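Here are my notes on this one, with the fold first and the local details after. Have a look at the structure alongside them.

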Amino acid sequence: MRLHFSPSMRSITVSSSNGFIDFMKIKVAARHISYRTLFHTILVLAFLLPFVFILTAVVTLEGVNDCSSLDCFGRTWGPRLLGRVDASKQRLVSEFYKVFNQVSTEEIPDGLKLPDSFSQLVSEMKDNRHDAKTFAFILKAMMERFEKEIRESKYAELMNKHFAASSIPKGIHCLSLRLTDEYSSNVHARNQLPPPELLPLLSDNTYQHFILSTDNILAASVVVNSAVQSSLSPGKIVFHVITDKKTYAGMHSWFALNPVYPATVEVKGTHHFDYLTRDNVPVLEAVENQEGIRNYYHGNHNIVGTNHTNTTPRAFASKLLVRSPKYISLLNHLRMYIPQLFPKLDKVVFLDDDVVIQRDLSPLWDVDLDGKVNGAVETCKGDDEWVMSKRFKIYFNFSHPLVATHLDPNECAWAYGMNIFDLRVWRESNITETYHWWLRENLKSTLTLWRLGTLPPALIAFRGHIHPIDPSWHMLGLGYQNKTNIENVKKAAVIHYNGQSKPWLQIGFEHLRPFWTKYVNYSNDFIRNCHILES
C-alpha cells in the first residue's frame, strides 16, 4: 500500500504495492492550498487506509485478481452492506457448518498430530493442504486439549489455595511458641486473668459478654482490640476467650502482657471446663475416632488425582472448603455448649476469630429476640451467589429420604460469626440434643446428609429459634469475594473474613487486609521478632 503526493501537491494517489488496486486519486486545487486542508486530508486518509488494507486482503484471498479495486469493492461488499451474501459464499459457509456438525459427534482419530500454536496450525495447513474435515478434527482436538489444560490448572490452583488456607503461617506459629516460652519464664505472663478484684464481672449480667473460641493468638488479639476500640463503653466489655490446651499458655501470656484496659479479658483452656467430657459430648468422640472421618478431613486421596470432568470449579472449591481439619476441632463445636459452659450468663454475643468489629455493639444487648435463641443475619436475601443467596438446598442432600422428609429446601439459611444468644431460652430448649441427634444420623449415613461443617447441623438444631437481625450488623464474604464493595465494608458493624482468604494469610485480598491490620500492634516485640510485618 502506497500513498503518493504529486510534486506540485495537486493530487494524492493511494495504490497497492503490486498495482492491484488503484483505489482513489484526490485532486487538490491548484492554488491557495492551506496546510489545514492538507492536514485534514491526510487525517481522513489515515483513518481510511486500515480499512482499505483489510478489503484488499479479503479480495486477494478470494482470488479476484483480474478486476479493478472499485469493481471488487462494490461486487464483494455491496451485497453485504445491503444484507445480502453471494450464493457461492453462502454455500461455502453451509458446507463448513455441515462439516463441523459432523465432526462434533465423531471421535477424534487416533494419532492425529496437533500443532502447539495458531501460527503452527496455519503453517501446517499451508504445507499439508488438509481437507475441511481434517481441519475441523484438528481444531476440535486443540480446543479440547486447551480446555483440559485450563481445567487442570484451575483445580491445581484451588488445591494449592486449600493447602495455603489450612496451613499455619510461620509468623503466627512463631508467636505462639515464643509466648508459650514466655509463660514458663516470665511471672508477669502468668498473672491471673482477670485480676482477682474483677472476677465478679465474669458472671455480672449488666456487662456485655463476648465469647471467642480460637487457637489463633494474633486473630484473637484483633477481635478483642477492635471490639474495645470501637466501643462507646469499653469498660462494660467482658471477653471470654476459650482456646485449646496446647495454645492456652501462649494465649494467656498475650493478654496478660498486653491488657486491653478498661475491658476485662478471661482466658480459659478447654481442659478447664468440667463439662467437656465424653459423656456430655458423645458425638465428638465418635467423630474423632471414626477412621473414615479422619481420612475425609486429613486425607486427600478422594480429591487429588480424580477425574473432575463432571465437577465445576465452584463445586470443587466447596468440597475442599468443608474438608478443613478445623471442622473436627473441639473449639469449632464449643458454640453449641455455651449455655452449659457459662451457666450464670443470660445473654452473650458469640464471635468467630476472623471478624473485625468496626462499630459499637452495645445496642445488640437491647435487641428483643422475641423469645428466640439466636439473633443472626439471614443469608438468603442478597443477589451474590457466594454469600447472600443461600437456602437449605445449598447445604443438604435432599436426595436422602431423611433430609427430604424433615427439611424444606427453600428455607432461609443464616450465618455464624456474629450471633446474639439468649442463654436462658436456650437452656429451656432441646437445641443441643437435636444437634447431637442429627450428627449421629449423618455418621450412620456415612456423611451423606450434608456438606460437612458445623453450620448444617446447627441450621437444623436452631430451626424455629432464629431471630433475623439487620444485615448491616454483620457483613460476610471478605474471605471469598475479591470484588467486595469497599464502601459497604466501611459501613458494616462487623466484617467477617469467612472463606479461605484470611487476612493473616498471603492469599488474603490485599485491598481488604487493611481493615484487619489496623488493629494489629506491630510495635509489639513478639510480633516484630516473629516478622509479622504490616502489609
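1. Contact here means heavy atoms within 4.5 Å. Keep in mind that this is a predicted model, where local features need pLDDT of at least 70, side-chain atom pairs count only at pLDDT 80 or more, and totals for chains, interfaces and linings use all residues. Numbering runs from 1 along each chain as its sequence is written, and side-chain values use heavy atoms, with hydrogens and water left out.

2. The protein chain has 21 helices and 12 strands. These are DSSP runs numbered from the N terminus (helices: H or I, at least four residues; strands: E, at least two). Of its 535 residues, 47% count as buried. Buried is under 20% relative accessible area, exposed is over 50%, and partly exposed is in between, using a 1.4 Å probe and protein chains only.

3. On to the cores. A nonpolar core is a set of buried Ala, Val, Leu, Ile, Met, Phe, Trp, Tyr and Cys residues joined through side-chain atoms within 4.5 Å. The largest one has 63 residues, and Leu175, Phe239, Phe255, Leu351 and Ile495 touch the most other members. Helix 7 (residues 217-230) gives this core its largest share, 9 residues. Apart from it there is another core, of 42 residues, including Val281, Ala413, Tyr416 and Phe421. As background, nonpolar side chains in soluble globular proteins tend to be buried together.

4. What does Phe255 touch, leaving aside its neighbours within four places in sequence? The list is Leu193, Ala220, Ser221, Val224, Val241, Val265 and Val267.

5. Ser226 also sits in helix 7. Its relative accessibility is 0%, so Ser226 counts as buried. The Ser226 side chain reaches the backbone oxygen of Val223 at 3.0 Å. That is a polar contact (a pair of N or O atoms within 3.5 Å; within protein, one must be able to donate a hydrogen and the other to accept it, and residues adjacent in sequence count only if both atoms are side-chain atoms). Beyond four places in sequence, Ser226 is in contact with Val356, Ile357 and Tyr519.

6. Strands 5 (residues 237-243) and 6 run parallel, joined by 6 bridges; pairing requires at least two DSSP bridges between two strands. One of the partners is Lys268 in strand 6, bridged to Ile242. The chain goes from strand 5 through helix 8 (residues 245-257) to strand 6 in a right-handed β-α-β crossover. Right-handed means that, with the strands pointing away from the viewer, the path from the first strand over the helix to the second runs clockwise. Strand 6 (residues 264-269) is mostly covered, with 5 of its 6 residues buried.

7. Asn280 is in the loop between strand 6 and helix 9 (282-289). At 28% relative accessibility, Asn280 counts as partly exposed. A polar atom of the Asn280 side chain lies 2.7 Å from the backbone oxygen of Tyr275. Leaving aside neighbours within four places in sequence, Asn280 is in contact with Tyr275, Tyr337 and His436.

8. His436 is one of the buried residues of helix 17. That helix is mostly covered, with 10 of its 14 residues buried. Just after helix 17, check Thr446, which takes a positive phi of about 50°.
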